[in-house]
Amino acid sequence: MKHLAAYLLLSLGGNTSPSAKDVKGVLSSVGIDADDDRLDKLIKELEGKDLQELIAEGSQKLASVPSGGGGGGGAAAPAAGGAAGGAAAEEKAPEKEPEKEEESDEDMGFGLFD
């Protein structure tokens, strides 16, 4: 991802065909070492291709991927069943009085407007 990000930054900056040396320069300017194998593969894959077209194609492919819309309904059913079982357990348990909380301002010896 770091190689692709550097490549895209160079493209946005006006370099229509960034080289491996250009990408290495961007990465080294922020203290990152480039992986030569991955960088060479990236350069070969993107050589001669229009980045805007690649991004548009990728967006179309991602649009067809399910993004978890159907998974939300399944989680609600166990939660509702658990709540009903919990209500029965609450009826059997004796109620306890809530304990008084100590105010932290008294312990510190000063108030907000002192």
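Reader: Why is Arg-38 called exposed in this predicted model?

Author: Arg-38 has a relative accessible area of 59%. The term exposed applies over 50%, so Arg-38 counts as exposed.

Reader: What makes the contact of Arg-38 and Asp-35 a salt bridge?

Author: The side chains of Arg-38 and Asp-35 meet at 3.6 Å, N to O. The cut-off requires a side-chain nitrogen of Lys or Arg within 4 Å of a carboxyl oxygen of Asp or Glu, and the pair therefore qualifies as a salt bridge.

Reader: Why is Asp-35 called partly exposed?

Author: Its relative accessible area is 31%. Buried means under 20% and exposed over 50%, so Asp-35 falls in between.

Reader: How many salt bridges does the whole structure hold, and how do you know that Lys-24 and Asp-36 form one?

Author: A search of the whole structure finds two. Lys-24 is partly exposed at 35% relative accessible area, and Asp-36 is partly exposed at 40%.

Reader: What makes Val-26 partly exposed, and which residues does Val-26 touch?

Author: Val-26, in helix H2, has 25% relative accessibility. Since buried means under 20%, Val-26 counts as partly exposed. Not counting residues up to four places away in sequence, Val-26 touches Ala-6 and Leu-10.

Technical notes. Residues numbered from 1 in each chain as written. Predicted model: local features only at pLDDT ≥ 70, side-chain atom pairs only at ≥ 80, totals over all residues. Heavy atoms only, no water. Helix = DSSP H or I, 4+ residues; strand = E, 2+ residues; numbered from the N terminus. Buried < 20%, exposed > 50% of the residue type's maximum accessible area, 1.4 Å probe, protein only. Contact = heavy atoms within 4.5 Å.
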